[in-house]
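Me: Please take a close look at one part of this model for me. I would like the aromatic rings and what surrounds them.

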Amino acid sequence: FCMRGEPVECGQKVRMEHLTTHRNLHSHHFQSPLSSQQEISAFGEGGRGDTGDVWTVMCEGDYWTRDDTVMFKHVDTGMYLAASGHTFGRPIQGQMEIVGQHRPDGSTQWRTQEGIYVHHTDFDPKRRPGHDEL
C-alpha cells in the first residue's frame, strides 16, 4: 500500500482512509439502501481492515495525476466506485449515496479535489522516497 505523499501508479492497489474517522472505504456483497446497487461503507480502524478495503486505481498513463479523472475498481467484487445520484434524508441530509457499479460510466469517474499537492517540478517517480515538507 502507498504511503502519504508517494506517487500512486495506475493499476496500484490502495486502501483509502477517511481522515476524520480513520475508517477504510469498504465494500462487500450487500445491497445499497437507496438504489439497490452494491453497498459502499466505512470499515476497520486506524488502517486495519480486511480485503474488502482494497481498490485498484484505474487511470491513464503511469501515475494518477492531479486534475485527471480516475476510477477505483473494488478488488474483491470487481465493482467500480460510483455515485448513484440518490441522496439520503437521514442520517446526513443531502449526502449522496456512493455505490459499487458493474460497468464504468460517467458516475464512476472521479477527480481529485483535495489532498497533498506535489508540484510537478518536485515530482520524480524514480527518486528515493522521502519528503521534507511533511
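Reply:

**The aromatic pair and its surroundings**

The structure holds 1 aromatic pair. Rings of Phe, Tyr and Trp (its six-membered ring) pair if their centres lie within 6.5 Å; planes under 30 degrees apart are stacked, over 60 edge-to-face, the rest tilted. Here the partners are Trp64 and Phe72, and they count as edge-to-face because their planes stand at 75 degrees, with centres 5.4 Å apart.

This is a predicted model: local features need pLDDT of at least 70, side-chain atom pairs count only at pLDDT 80 or more, and totals for chains, interfaces and linings use all residues. Residues are numbered from 1 along each chain as its sequence is written, and side-chain values use heavy atoms, without hydrogens and water.

Burial is set by relative accessible area: buried is under 20%, exposed over 50%, partly exposed in between (1.4 Å probe, protein chains only). Trp64 is partly exposed at 27%. Phe72 is buried at 5%.

Phe72 also belongs to the largest nonpolar core, which has 10 residues, among them Val70, Trp55 and Leu81. Such a core is a set of buried Ala, Val, Leu, Ile, Met, Phe, Trp, Tyr and Cys residues joined through side-chain atoms within 4.5 Å. Strand S4 (55-58) and strand S5 (69-74) each give two or more residues to this core. Strands are DSSP runs (E, at least two residues), numbered from the N terminus.

Thr108 is buried, at 0% relative accessibility.

Note on methods. Helices (H or I, at least four residues) and strands (E, at least two) are DSSP runs, numbered from the N terminus.
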